[in-house]
Amino acid sequence: MIENMLFQDWSGIIRTILVGTLAYAGLVAFLRISGKRTLAKLNAFDLVVTVALGSTLATILLSESVALAEGLTAFALLIGLQYLVAKSSVGSGRIARLVRSEPRLVMHKGEILHDALRRERVTKEELLSVIRNNGSAAPEEIAAVVLESDGSFSVIPKPQDGNAADFASADLPGRG
């Protein structure tokens, strides 16, 4: 029994090497054809497609019941759907609002915007961790923190010259 967990037979290993190499080459080819936007991870939808591509590759590699042609078809389908949704969202504000979230300002001029944190389900401690990871010791050193559409944080330090007038008039996302 334990022998089957460690090694079954050479045909499975040969299949994994052959199908894995071809599936990998196919995925790289599809990604080159579809362009950089496919893996840009600009929003949650893009992240889902990236994870689905990885899951599909794993299934092709490890499931003998999935033929290479089926796996390549799955790649083409996922990339094609992502392309259609991205193209549609560029042409239609309504579709864009359905598939992506807007950036949200969670700190402004050193002041934590607690309502924004609550709406985005981010704790004060998590925000302070983001600030520390950016190399700042205190919120007072920060002009703004924005929770981006892809879930990452942008930390904007206060200007070094002490003149925040230019920053104060900037158009910040998710204000209010």
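**Helix packing and sheet order**

Helices H2 and H3 are roughly antiparallel to each other, a term that applies to angles over 145 degrees. H2 spans residues 10–34 and H3 residues 44–62, and the two pack at an angle of about 155 degrees with their axes 9 Å apart. Axes are lines fitted to C-alpha atoms over the stretch in contact, and angles run from 0 to 180 degrees between N-to-C directions. Helices (H or I, at least four residues) and strands (E, at least two) are DSSP runs, numbered from the N terminus.

The model is predicted: local features need pLDDT of at least 70, side-chain atom pairs count only at pLDDT 80 or more, and totals for chains, interfaces and linings use all residues. Residues are numbered from 1 along each chain as its sequence is written, and side-chain values use heavy atoms, without hydrogens and water.

Contact (heavy atoms within 4.5 Å) links residues of H2, including Arg15, Tyr24 and Leu31, to Leu53, Leu57, Ile60 and Leu61 of H3. The residues of this contact comprise 9 nonpolar, 2 polar and 1 charged. Here Ala, Val, Leu, Ile, Met, Phe, Trp, Tyr, Cys and Pro count as nonpolar, Asp, Glu, Lys and Arg as charged, and the others, Gly among them, as polar.

H3 also packs with H4 (residues 68–91), at an angle of about 175 degrees and with axes 10 Å apart. This contact divides into 14 nonpolar, 3 polar and 1 charged residues.

An open sheet of 4 strands has the order E2-E1-E3-E4 with antiparallel pairing, where pairing requires at least two DSSP bridges between two strands. The edge strands are E2 (111–112) and E4 (153–157).

Methods. Angles under 35 degrees count as roughly parallel, over 145 as roughly antiparallel, 65 to 115 as roughly perpendicular and the rest as oblique.
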